Amino acid sequence: MTSVVIVGTGIAGIAAAETLRAEGFAGTVTVLGDDPAHPYRRPALSKDLLLDASAEEKSRLRPAGYWTDRRIEVRTGVVVVSVDVAGRTVRLDSGEELRYDALLLATGGRARTVDHSGGAAVRVLRAMGDVAPLREAIDRTNSILVVGAGLIGSEVAATARGLGAEVTLLEAARTPLHRVLPPRVSALFEQLHREHGVELHTSVRLAELVGDGDGVLARAEDGRTWSAGAALLAVGMAPNTHLAERAGLETADGIVVDESFATSAPGVYAAGDVANRPNPVLGGRHRTEHWNSAQAQGAAAARAMHAALAGAPVEAEREVPWCWSTQYGLSLQVAGWPQSDDELVVRGSIAGRDFTVLTRRAGRLVGAVTIGRPRDVRAARTLIAERPCVDPALLADETQDLAGLAAAAVHGDAVHV
């Protein structure tokens, strides 16, 4: 019987398994993950789960029995130690070997860290098992030092303030969330953190992070110091490529794949945080670290695998990534690839915290950032993918429905200048 093995129980791997069955794949589907927890919604870690441990059951991706009903074998707490691409087998830490006709590597990433001597008082947040120790540290000390004001760091800072803890947030860049937001919008989130009592410091070059009695102390290169009962390192993630490297696959900031998520080895695919894929809109290559993109990529990789196994043509799928974050009751959504030097088109009011910011580069729409306007994000993703040259005055005109402009672009109607 034809067999598909998926390494990774995150959303990319799970979406792939579900899509295989939805596409009518009748062979065996085995999903292997080193995380001992049943598949869960990773975005909840820094928000709902950190706020309320009882939300763990709600964070589960699927109820008990779901996988059995669909003949999907999900095995948690197991480690794949090697892949034999010639023999088409994977070897587990138990010594067991599994044969595959197609293999998906959805190995995700691991939290980056920095050298420190803070011991257990310094935490990271990447998996379900990281939540309870972090919450215990916050509850015990009523204070936390967060290093890194990206999405995870900013969300933890907001959640910790909701728990009543004192929060110090340190960022190496000039503004928080600088990797995903244009400066005018990141300035709004800087204001939000300060309004809610977060001690936020930007342009901080960290020199050391050390134990300080029962807590930690951070020292910047310019001599400034901050202390708290515990610290969270939220300085990004590194793709888990070790398995691919040992198997001889091509890697470069992730596992290198083509438009259909195929790696350099026959029958082996990669998707999610670990996949470095050609950018279908801007050219070049990119690796996306967002939940929604991992879900879309896992499903697309499954369709490609299913087609290849059936001997059918494999169609590449164009994806415009997007992500979301909730902080202090505001829902932020980001689509595409906004950069700090893009031209901005603003619909609504940034100061009023109800807006869509569209970012343009070389006359084309490349990104969108919204608060409170989810419909605009869907339309912006279509416009980014279709790449029409739209008059910025038309984009800024709020009497013009973005969804209508997007529909016109799809049908080739006159939205161009």
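Visitor: What is the helix and strand make-up of residues 3-298, and how far apart are the end C-alpha atoms?

Guide: That span is 25% helix and 28% strand, and its end C-alpha atoms lie 17 Å apart. Helices (H or I, at least four residues) and strands (E, at least two) are DSSP runs, numbered from the N terminus. This is a predicted model, in which local features need pLDDT of at least 70 and side-chain atom pairs count only at pLDDT 80 or more, while totals for chains, interfaces and linings use all residues. Residues are numbered from 1 along each chain as its sequence is written, and side-chain values use heavy atoms, with hydrogens and water left out.

Visitor: Which feature does UniProt place at residues 3-298?

Guide: An unreviewed UniProt entry lists "domain: FAD/NAD(P)-binding" there. UniProt positions follow the numbering used here, feature names are shortened, and annotations may be inferred rather than shown by experiment.

Visitor: And what does UniProt list for residues 322-405?

Guide: The record, again an unreviewed entry, gives "domain: Reductase C-terminal" for them. The span is 26% helix and 43% strand, with end C-alpha atoms 19 Å apart.

Visitor: Let's pick a strand. How many residues of β23 are buried?

Guide: Six of the seven residues in β23 (residues 330-336) are buried, so the strand is mostly covered. Buried means under 20% relative accessible area, exposed means over 50%, and partly exposed is in between (1.4 Å probe, protein chains only).

Visitor: Which strands does β23 pair with?

Guide: Strand β22 (residues 322-327) runs antiparallel to β23, with six bridges joining them. Five bridges link β23 to β26 (residues 364-371), also in antiparallel fashion. Two strands pair if DSSP finds at least two bridges between them.

Visitor: What sits between β22 and β23?

Guide: The two strands form a hairpin with two residues between them. Tyrosine 328, in the turn, has a positive phi of about 55 degrees.

Visitor: New topic: how many residues are in the largest nonpolar core?

Guide: It has 53 residues, and those with the most contacts inside it are Ile6, Val90, Leu103, Leu104 and Leu105. Helix α8 (residues 291-309) gives the largest share, seven residues. A nonpolar core is a set of buried Ala, Val, Leu, Ile, Met, Phe, Trp, Tyr and Cys residues joined through side-chain atoms within 4.5 Å. Another core lies apart from it, with 43 residues, among them Val131, Ala165, Leu192 and Leu330.

Visitor: Why do such side chains end up together?

Guide: In soluble globular proteins, nonpolar side chains tend to be buried together.

Visitor: What does valine 90 touch?

Guide: Leaving aside neighbours within four places in sequence, its contacts include Val5, Leu32, Val80, Tyr100 and Leu103. Contact means heavy atoms within 4.5 Å.

Visitor: What about a polar pair?

Guide: Glutamate 18, in helix α1 (residues 11-22), has a side chain joined to that of arginine 62 by a polar contact of 2.6 Å. A polar contact is a pair of N or O atoms within 3.5 Å; within protein, one must be able to donate a hydrogen and the other to accept it, and residues adjacent in sequence count only if both atoms are side-chain atoms. Glutamate 18 is buried, with a relative accessible area of 17%, whereas arginine 62 is partly exposed at 29%.

Visitor: Last one: which residues of α11 are buried?

Guide: In α11 (residues 402-410), they are Leu402, Leu405, Ala406, Ala408 and Ala409. Seen down the helix axis, they fall within an arc of 160 degrees, so they line one face of α11. The arc is that of the directions from the helix axis to the C-beta atoms.
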